[in-house]
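Open the model in your viewer and keep the selection panel at hand.

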Amino acid sequence: MRKPIIGGNWKMNRGTPAETKEMLKKLLPLVKKITNVDIVIAPPFTALISAIDLVKKSNIRIGAQNMYFEEKGAFTGEVSPKFLKDIGVTYVILGHSERRNIFKESDELVNQKLKKALAMKINPIVCIGEHLEEREAGKTKEIIQNQIDKTFKDLTKEEIIKTVIAYEPIWAIGTGKTATPEQAEEIHVFIREILASKFDKQTSELVRIQYGGSIKPTNAKELFEKENIDGGLVGGASLEADSLLDIIKAADETTI
Ligand code: PGA
């Protein structure tokens, strides 16, 4: 019912025009026949224009890794959603844990960005997830509830349906330590329960919820097979065409 979505978050790891071209030229023919999975690549800002150019007329969409909630003004160092939209960006990752932890982005700020992305018709992928200490203290659900309350505040039903949620336990990001499919599924079910109580059951079942955190070709399938996991947000393994392809294929297989 929900189309899986695979996002490749290159972070600040790849993104010169040459690197972007090399990776996308390799990936494009390999994913040409994939129609049951939405594929989004999020390179650094400096590579967006060349990436958009390269994927024209293909089934790959290009996303930004961040944006500001104002369209214009004295905001040195920020990037306007209007500029992104203008060059053909169709997705944006918001509230990634690296933005939240290193750059101190709050739930309130992510909420403002989310509303702006929705208003500008840029598809948002919004990240939430707990720290290791919070999980070990048995606080995961409390943290998730709180993040959802604040990050998705005042959204309409139509808006939440257009939002992709990425559940990314922070302890699993870039650590090689993946959540087990059961651990991930438990939180995805919980997220759906929260959405059902905020909106209604039908709405909660339409929202796509990705898992993120050390997804690899070797663990992708067992994660995506879970009923409530609708694909993934991939960091390290999205840097090379071959590993990303295997992950996309794993998502594709769950749709058959
Ligand atoms: P990772 O990153 O796959 O390298 O753990 C995931 C993410 O940060 O979105």
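**Salt bridges, then the whole chain**

A search of the whole structure turns up 21 salt bridges, each being a side-chain nitrogen of Lys or Arg within 4 Å of a carboxyl oxygen of Asp or Glu. This is a predicted model, where local features need pLDDT of at least 70, side-chain atom pairs count only at pLDDT 80 or more, and totals for chains, interfaces and linings use all residues. Residues are numbered from 1 along each chain as its sequence is written, and side-chain values use heavy atoms, with hydrogens and water left out.

**Stop 1.** Select D242 and K26. They form a salt bridge, with the closest N and O atoms 3.5 Å apart. The pair links distant parts of the chain: D242 sits in helix 12 (residues 241–253) and K26 in helix 1 (residues 17–31), 216 residues apart. Helices here are DSSP runs of H or I with at least four residues, strands are runs of E with at least two, and both are numbered from the N terminus. (Buried is under 20% relative accessible area, exposed over 50%, partly exposed in between, with a 1.4 Å probe and protein chains only.)

**Stop 2.** Move to K201 and E205. Their side chains meet in a salt bridge at 2.6 Å, N to O. Both residues lie in helix 10 (residues 201–206), 4 residues apart, about one turn of the helix. K201 is exposed at 56%; E205 is partly exposed at 28%. Next, select R2, R192 and D230, which salt bridges with shared partners join into one network.

**Stop 3.** Pick K153 and D154. The closest N and O atoms of this salt bridge are 3.7 Å apart. K153 is partly exposed at 46%, while D154 is exposed at 57%.

**Stop 4.** Zoom out and color by secondary structure. The chain has 12 helices and 8 strands. Its C-alpha atoms fill a box of roughly 45 × 45 × 35 Å along the principal axes. Of its 256 residues, 54% count as buried. Now show contacts (heavy atoms within 4.5 Å). Among those with a separation of 6 or more, 73% are between residues 24 or more positions apart.
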